[in-house]
Every structure is written in structure tokens, then in C-alpha cells.
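Colleague: I'm new to this one. Can you walk me through it?

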Amino acid sequence: MADLDQPRLPRPNKVTGGKPAIPESGTALAIIDKIPSGGSIAVRGSWGGARNRRDRTSWHVSKSQCEGLIAAARYAEHLGLAFNRHWTVHYERAGIADIDAAGFVGRLLKLARGHATRKQGQFTAVWVRENGEGKGGHVHILMHMPAERTLRGRTRRWVTLAGGTYRPRTSRVVSIGGRLLSADSGSEHYQHNAAAVLAYVLKGADRQTGEALSLPRSGEGGLVIGKRCGWSQNIGESARGN
């Protein structure tokens, strides 16, 4: 499981009730305690974070964005909707230009949410785009999808429905903690894996932010056009009461 081949982090403190407190810095912030458009099609609704603009560029995930992603992940767990799947989509391989990628990601998330929420299921997600040398433009999505909702064969279709051309190795989904029900158990094994995968998707932070948040890796973001990261509104600042 190459995407999750990261050192284990210390087990985070458990949230016991109420809204989880978010530390300002240090290792505790770097782990889980436990989109508007970017192209020709507008995506409205449930994707938080700063608005996307086609003239907006960045090389790294900012400190405030990292803090927002961490807070959203912690709140998802607080709601009982901890992330159980890590979905990586290599949108450049699918023929999506970086300038159109944020809209493409928004459409993917809309399709995933629709699948999750049928029959009153629930969905949470955070996502981060990267543009690594040798990998091209891609996005990491951490999401809660009801365990009974299979994704077998679906993500390939979603890539096509969102406007891409599916090619081998475009989409990959792995279970966080090794089993879909691991997130529900809240076990130490799940906590370590969830912390490691969150730290992994934050590796696009600049070096200074990486040091401030005690991230094991940083400075690996690459040039991205448009919105770089975000979260579903149900775990964003307004939902948390921030």
C-alpha cells in the first residue's frame, strides 16, 4: 500500500465530547485526534475552503489550509464519520489540464457524495491537489463512505462522468486501517493509520509549515492552478461553529 507507507505517529488524544479543541501548533496538530469550479463547468454547494480562481496559483499548502484540513478531519471523527477510504486520482493521466482540475475534483466529489448519501447514508471528505515530478497533477481525497457502499468499478466511471478519459492507474482507492470498519472501531491501529495518511496528504505544505506542525514530510506540493484543497461543508468552519 504505497500511498500509506509512512512512519507511524504517536496515538492522538481521544475526543471525549463537545467540539474538539484544535491546538495551535506542534505534533498534536499534525495528526488526527481521535469546489467551486476550476474549468468550464461550475460546481456549486458543499466544498469548503477559499474560492477557486483560474488565475490563482500556489506551490504549497499554506499553514492555515493545513490547520483547516486537520480541524475538518478531527471534526469528522467527532461526528462518527471518520475517514475510511483514501482515493487518489491522477487527473493529468485522465487528460484534465491543471487549470480545469479543481472543477473536475468537485464533480468527482459530487458523484461520491451522491453514492454515499443514498438511503440516508452520510459523507465527509477532505482533499488536496499535488503536481509532483514524474506523477503529474493528482488529488488525494480522504473520505467517509458507508462501509456497505462498494466502490468497485465505480470510480472509473466517475472519472469519465466528471469529464476525464479513464486510463490504467488513473484511480486508486485503499481502505484506511486495512478494513472499512476500522474507522468505526476507533482502534489504536486505525488511529495510527488515519494519522499517518492525513500527514501524508499534507506533505505539500512548505518546509516552514512542516516544521511548525511537526509533519514527517513537507515541501512536496508542486505548482497548482486554482483551488488546491478543501473539505465538505459539514465538517468546515461553519459546521464546527468557528
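Modeller: Here is a short chat about charged side-chain pairs. This is a predicted model, where local features need pLDDT of at least 70, side-chain atom pairs count only at pLDDT 80 or more, and totals for chains, interfaces and linings use all residues. Residues are numbered from 1 along each chain as its sequence is written, and side-chain values use heavy atoms, with hydrogens and water left out.

Colleague: How many salt bridges does the structure hold?

Modeller: Five. A salt bridge is a side-chain nitrogen of Lys or Arg within 4 Å of a carboxyl oxygen of Asp or Glu.

Colleague: Which residue does Lys-63 pair with?

Modeller: Glu-67, with the closest N and O atoms 2.7 Å apart. Both sit in helix H1 (residues 63-78), four residues apart, about one turn of the helix. Helices (H or I, at least four residues) and strands (E, at least two) are DSSP runs, numbered from the N terminus.

Colleague: And what does Asp-98 meet in a salt bridge?

Modeller: Arg-129, at 3.0 Å, N to O. That pair links distant parts of the chain, 31 residues apart. Asp-98 is in the loop between strand S2 (85-89) and helix H2 (101-117), and Arg-129 is in strand S3 (residues 124-132).

Colleague: Is Arg-129 buried or exposed?

Modeller: Buried, with a relative accessible area of 0%. Buried means under 20% relative accessible area, exposed over 50%, partly exposed in between (1.4 Å probe, protein chains only). Asp-98 counts as buried too, at 14%.

Colleague: What about Lys-203? Which side chain does Lys-203 meet?

Modeller: Glu-130, in a salt bridge of 2.8 Å, N to O. Both Lys-203 and Glu-130 are buried.
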